[in-house]
Amino acid sequence: MVHAGKQLMTGLGVILLSAVLAVGCYAMDYPEEIEIDSLVNLYEAVVFDHAMHVDATENCSECHHHTTGTGVANEYCAKCHNGNEEMDLVACVDCHSADPLSPENLHNPTPDFVYHNDQPNLKAAYHLNCIGCHKEVDGPTGCEDCHAKTEAGDKFYHSGEFAPKESAHSSGH
Amino acid sequence: MKKLATYGVKPHDAGMKSDGQQWSLMEKLLLGLTLDQYIGQVLRNKLNWFLAIIFAIGIPVILYRFVFSLGAVTHSSYDYPWGLFLGFGLFCMVPLSASGFMLGTTVEIFGRHDFEPIERLALLNGLLGYFFAVVYLLVDLGQPWRLSYPMVYSFGPAAVLFLVGWHVATYLSVQVAEVSTAFFEWIGFQRGYDFIRKGTVGLTVSGIILSTLHQGALGALFLYAPGKVHPLWYSSAFQWIHFFTSSIPAGLCMVICVSTVVIYTMKWRCDQRFIDNLDRITISLAKGAAMGLSTYLIIKLIAVAHDNEWAYLMTGWGAWWLFEIVGFVFAPLVILSYAIRNKLVGLCRIGAFITVAGILLNRLNTALITFNWKLYQEIPHKWEIIISITIFAIYITTYRFILNRLPILYQYKSKADE
Amino acid sequence: MSKITRRRFLAGSAAGGAALMLTPAQKALAAGSFEGFPEGMGVLVDLTRCVGCRTCEAACNEEQHLPEPSKPFDDFSVFDEIHHGQKRRTTDKAYTIVNRYDVKDTEEPLYRKIQCNHCNEPACLTSCFVNAYKKTPEGAVIYNSKVCVGCRNCMIACPFHIPAYSYHSVLNPVIKKCIFCYDTRLKEGKPPACVESCPQQVMTFGKRKDLMKIAHERIKKNPDTYVNHVYGEKEVGGTGWFYLSNAPFEEAGFDTDLPKKPIIDNVKDFLAIVPMVLTIWPALFTGFHLLATKGKSHGHGDDHSHDEQEGH
């Protein structure tokens with residue numbers, strides 16, 4: 001999966017992550033904000049306040065698994081990863097493919113001997129991680145709590161000014 | 001007609017008038033009456049008024065269905081794709097029309113010519129039942145103009161419905177041929193009559209084959225829905241046998257019912273042979289029906305035992321199943337047996353009516369009432385009910401029209417009596 | 001009507017015998033134990049990930065050019081809709097639906113996406129008398145609506161209540177259901193629109209056989225999370241789309257009483273008797289006829305006349 005991460009850089013991904021290199025959390029050398037705009041056709045870009053989340057969490061491993069050199073949150077991972085070493089790849093997109101459905105990714109599935117053959121794609125990794133934790137800590141969980149819908153988004157969801165007329169009518173009752 | 005008979009008017013029943021002249025087609029259609037007499041008796045008959053009221057309401061609704069889609073007259077249910085049109089029109093009409101092959105077999109194959117007075121009525125009952133099952137189907141199909149596709153254009157031979165379609169179509173042709181002898185006599189086409197009579201045994205045997213298979217196939221259609229039909233009405237091993245065996249008493253009892261209606265309301269049309277033999281034949285038919293019912297009852301119970309469904313009998317559905325089996329299979333079996341033993345024709349007729357009602361209940365239970373028993377029950381749309389009644393009224397009208405004219409209930413004479 | 005009857009009569013007499021004899025042979029080919037095309041694609045649906053955002057419904061609507069929905073796709077009041085005591089189902093205007101289920105012992109509701117499961121041996125396909133349906137090597141169950149007569153047998157047959165019918169069309173009512181985005185995507189190796197749109201990757205697209213391994217691995221790695229069952233691995237002979245859940249499947253509205261064998265297996269017993277009846281009955285009943293009428297006037301010959309009374 002490591003090479004998959006590299007492929008991505010040339011892929012379709014329009015993810016603008018600030019350059020994230022092998023930097024430990026405690027070195028405090030991490031991006032303060034990350035702009036995520038892969039869904040920009042439906043939603044406006046989300047500015048992820050990384051610094052705030054660093055303050056809010058006890059340990060970088062809660063999101064970054066074993067890659068930040070801060071231990072391992074999930075003991076299952078600890079069977080292989082001791083978590084005390086910083087990895088070269090820390091950013092989400094380095095392992096979680098931003099474009100899992102591109103033809104080359106689909107037709108060259110991870111070989112059977114690779115243990116991590118079932119990683120969520122980048123979009124899912126974000127959402128699963130964010131929403132999962134937000135539910136526990138009462139953070140925002142609704143779509144539009146984080147993402148402001150664009151006009152194209154309204155059109156796609158038949159919402160806002162594109163809402164079905166009968167619906168507007170019946171809701172008026 | 002009764003009133004006319006008191007004036008000595010006799011209906012047309014022979015190739016030639018008593019004075020040796022040929023009847024014209026118009027005269028035949030008017031039953032040998034004058035136009036005034038004919039219209040007079042039509043207007044006097046209260047049933048005609050009743051049918052007229054049904055047509056006045058129902059025919060516009062049928063037109064409405066074709067102009068404004070099936071969705072306009074049904075609930076457009078995705079969970080109940082088959083409503084009354086098929087639940088009643090196809091699944092009930094077909095077993096009640098098994099009479100054609102039953103009596104065809106009895107008379108032509110087993111040589112029981114003592115059943116001959118009722119053979120043509122049974123054949124006609126079969127033909128009309130199938131024909132109107134197809135009419136119901138045409139109303140129900142989304143694109144009836146594509147009805148011939150499985151026949152000529154796109155074959156799905158692995159499907160049970162493919163078999164049903166082919167068999168009903170070919171069997172309908174066989175029945176047209178079988179009943180055509182009466183028609184050829186009536187219009188005086190001797191060569192056509194002779195031609196068909198020569199092929200009688202072949203036609204009858206093909207009728208048995210086709211009937212065995214498609215009566216069973218109608219049951220097998222529900223094998224596609226193992227989770228949807230209630231287990232008490234579903235049996236993967238016996239479903240087709242249930243439908244086939246129950247069609248035997250269904251067909252026989254339908255003939256008893258029709259002949260009962262005929263003898264009470266159309267006696268003028270029956271000849272002496274029919275009237276004299278009817279009581280004897282009714283009891284004989286009842287014997288056949290009782291045999292069929294007892295077989296059916298046993299196989300129904302075997303199916304419950306086979307799938308070990310006794311526990312379901314303690315549920316509400318089980319009570320409904322017992323109501324059907326005890327009230328409409330066991331009870332008529334007892335009634336018929338008692339009536340046969342004591343030669344009680346009237347009681348045979350009562351038993352036959354209950355049996356027919358039982359078949360209706362069974363088919364509606366399988367196709368509609370217990371279908372989707374895990375989901376919900378649906379009452380058909382009011383216009384769906386009206387259309388079903390209207391088509392049935394057309395069926396009765398056609399039935400009567402043919403009985404009045406063709407030599408079904410009477411033997412065609414070469415020359416009318418003085 | 002008369003035209004059709006005539007045509008049927010002609011076709012019946014000419015092709016009838018041949019086609020009827022063909023039935024069992026064709027059946028034998030379709031029988032056996034077909035387990036899907038080896039390279040067939042599938043989708044693993046992990047219900048534990050679904051948050052009920054309905055984006056897949058919106059994506060399907062857009063991709064398949066379906067009519068405007070009655071409520072916006074971000075309106076979650078649809079989860080409370082109940083018709084005839086049932087939650088929403090697929091219709092001719094919506095090929096996929098997400099429903100919410102309240103599950104015992106957890107506060108979190110469970111969301112379930114419903115669409116065609118693209119069975120290995122589809123009941124709809126085997127029940128269709130005009131052979132409109134096709135299971136493609138890519139794994140999709142598609143259909144040719146140009147030959148659909150509208151008998152709706154496939155709706156009866158589908159164990160998942162998926163095919164819908166455009167009842168309100170006057171001139172061209174046809175079956176409507178999910179086709180795995182076959183025409184626009186799957187054919188080119190791309191995943192269906194719903195899969196691509198999902199923010200949570202509830203659905204994983206890939207070869208069915210690979211996904212099945214992944215499904216079992218997920219259960220193995222998270223035994224506390226998942227129910228130890230892959231719904232659709234064996235149900236009705238295996239489905240192209242299959243499910244993982246953290247709650248018992250029946251609580252999420254799945255029918256857990258479905259047979260493990262394909263639906264068509266139920267019908268095989270009946271289809272097996274067809275050739276028997278076709279071959280044995282003619283000889284049997286002609287024999288009966290000869291026995292029963294021996295010594296009597298041979299049936300009704302030409303001499304038969306209804307003017308004579310036949311006394312017995």
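What you're looking at is a predicted model, where local features need pLDDT of at least 70, side-chain atom pairs count only at pLDDT 80 or more, and totals for chains, interfaces and linings use all residues. Residues are numbered from 1 along each chain, chains are lettered from A in the order in which they are written, and side-chain values use heavy atoms, leaving out hydrogens and water.

Chain A has 10 helices and two strands (DSSP runs of H or I, at least four residues, and of E, at least two, numbered from the N terminus). Of its 173 residues, 34% are buried, meaning under 20% relative accessible area with a 1.4 Å probe, protein chains only.

Now for the partner: 30 residues of chain A are in contact with 30 residues of chain C (heavy atoms within 4.5 Å). A:Asp118, A:Phe156 and A:Tyr157 supply 23% of the area that chain A buries against chain C, more than any other three residues. Buried area is the accessible area (1.4 Å probe) two parts lose on being put together, summed over both.

| Chain A with chain C | Value |
|---|---|
| Buried area | about 2600 Å² |
| Salt bridges | three |

A salt bridge puts a side-chain nitrogen of Lys or Arg within 4 Å of a carboxyl oxygen of Asp or Glu. C:Asp74 forms one with A:Lys149, their closest N and O atoms being 2.3 Å apart.

Helices α6 (103-107), α7 (122-137), α8 (143-146), α9 (151-157) and α10 (165-171) of chain A each give at least two residues to the side touching chain C. The largest share, six residues, comes from α7(A).

How values were computed
Buried means under 20% relative accessible area, exposed over 50%, partly exposed in between (1.4 Å probe, protein chains only).
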